[in-house]
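Please open the structure in a viewer and keep the sequence at hand. The tour below moves from the whole chain to its sheet, then to a helix and a pair of side chains.

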Amino acid sequence: MVGTILLVLSENFDDMLFLSCQVILEEAGNDVIVASMDSGTAKGSDTSVMTVSLKEALTRDISYA
């Protein structure tokens, strides 16, 4: 199934696990939106990723897969 996937990151997320999942989902044709409890930057164990707030992501007119 191809669609829009919402990935929600927690603080100190596993960078390799997140990146692997994101690449696999995108290569399969999905759009991936990355969210966290707050908008801005979520910090992983080695990197940081720009995110939208979970609240904002859930109020968008998008049906997530």
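**The whole chain**

The model on display is a predicted one. Of its 65 residues, 35% count as buried.

Next, switch to a C-alpha trace. Along the principal axes this trace spans about 30 × 25 × 10 Å. The radius of gyration is 12 Å, which agrees with the value near 11 Å that a compact globule of 65 residues would have.

Now colour the cartoon by secondary structure. The protein has 2 helices and 4 strands, and read along the sequence these follow the pattern β-α-β-β-β-α. If contacts are displayed, consider those between residues at least 6 apart in sequence: 58% of them join residues at least 24 apart.

**The sheet**

Select the strands. In which order do the 4 strands lie in the sheet? The order is β1-β2-β4-β3, in an open sheet with mixed pairing. Residues 4–8 (β1) and 40–43 (β3) stand at the edges; each of these strands has a single partner, so one side of each is left without a neighbour in the sheet. Viewed across the sheet, the twist averages 55° from one strand to the next.

As a general point, strands of a sheet pair through backbone hydrogen bonds, in either a parallel or an antiparallel arrangement. Within this pair, centre the view on Ser 36, which stands opposite Ser 53 in β4.

**The helix on the sheet**

**An aromatic pair**

Finally, show the aromatic side chains. A search of the whole structure finds 1 aromatic pair. Its members are Phe 13 and Phe 18, with the rings 5.6 Å apart centre to centre and 70° between their planes. The arrangement is edge-to-face. Are these two residues buried or exposed? Both Phe 13 and Phe 18 are buried.

Terms used: Residues numbered from 1 in each chain as written. Predicted model: local features only at pLDDT ≥ 70, side-chain atom pairs only at ≥ 80, totals over all residues. Heavy atoms only, no water. Rg over C-alpha atoms; globule rule 2.2 N^0.38 Å. Buried < 20%, exposed > 50% of the residue type's maximum accessible area, 1.4 Å probe, protein only. Contact = heavy atoms within 4.5 Å. Pairing = 2+ DSSP bridges. Axes fitted to C-alpha atoms, helices over the stretch in contact; angles between N-to-C directions. Phe/Tyr/Trp six-rings, centres within 6.5 Å; stacked < 30°, edge-to-face > 60°.
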